[in-house]
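Open the model in your viewer and keep the selection tool ready. The tour goes from one stop to the next.

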Amino acid sequence: MLNVGDSLPKFEVKNQDGKSISSENFTGKKLVVFFYPKANTPGCTAEACDINDNLKKLKDKGFEVIGVSADSVEKQKKFHEKFSFKYDLLADENHDILEKFGVWQLKKFMGKEFMGIVRTTFIFDEKGVCTRIIEKVKTKEAAAQILEEN
């Protein structure tokens with residue numbers, strides 16, 4: 001997994017509108033990258049909505065925000081439109097970003113093992129350096145967790 005002190009990995013994938021988004025779009029900006037397992041599921045919806053509801057507070061602290069999952073552009077678009085998110089959702093169908101951040105991992109649920117996204121939030125400073133990682137994300141308090149030490 002990416003560690004505190006590591007640089008923002010280089011990436012380029014499509015957002016919910018099919019527009020190409022690159023890590024270079026965030027040069028010189030503070031950035032929150034949150035990874036969620038699946039669009040339109042209860043926990044992911046709670047997390048994404050909490051961040052959206054508190055986006056002004058995050059922006060006031062200078063943060064740009066992006067959400068990332070392995071969902072398709074179409075699924076991200078439906079999710080984005082349904083809840084009127086004011087930030088981009090990235091469709092990492094090839095797991096490029098997921099692998100670079102180390103959040104595509106073996107998971108266990110009800111005795112079954114499978115590969116999936118481990119819900120994690122990464123915070124980067126203006127220089128593109130990871131300053132904090134939130135591994136135990138509380139979906140209904142995601143924004144408060146991000147703002148805690150900033």
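Which strands does helix 1 lie across? Select residues 42–53: helix 1 lies across strand 3, strand 4 (63–69) and strand 8. Helix 1 runs at about 160° to strand 3. Contact here means heavy atoms within 4.5 Å. Axes are lines fitted to C-alpha atoms, for helices over the stretch in contact, and angles run from 0 to 180 degrees between N-to-C directions. Helices (H or I, at least four residues) and strands (E, at least two) are DSSP runs, numbered from the N terminus.

A word on the source. This is a predicted model: local features need pLDDT of at least 70, side-chain atom pairs count only at pLDDT 80 or more, and totals for chains, interfaces and linings use all residues. Residues are numbered from 1 along each chain as its sequence is written, and side-chain values use heavy atoms, leaving out hydrogens and water.

Seven strands form an open, mixed sheet in the order 2-1-5-4-3-8-9. Strand 2 (20–22) and strand 9 (130–134) stand at the edges; each has a single partner strand, so one side of each lacks a neighbour in the sheet. From one strand to the next, the twist averages 30°.

Zoom in on residues 30–35 and 120–124. Strand 3 and strand 8 pair there in the antiparallel sense over five bridges; pairing takes at least two DSSP bridges. Pick Phe-35: its bridge partner in strand 8 is Thr-120.

Now select residues 73–83. Helix 3 lies across strand 1 (12–15), strand 4 and strand 5 (88–91), at about 160° to strand 5.

Last stop: Asp-96, in helix 4 (residues 96–101).
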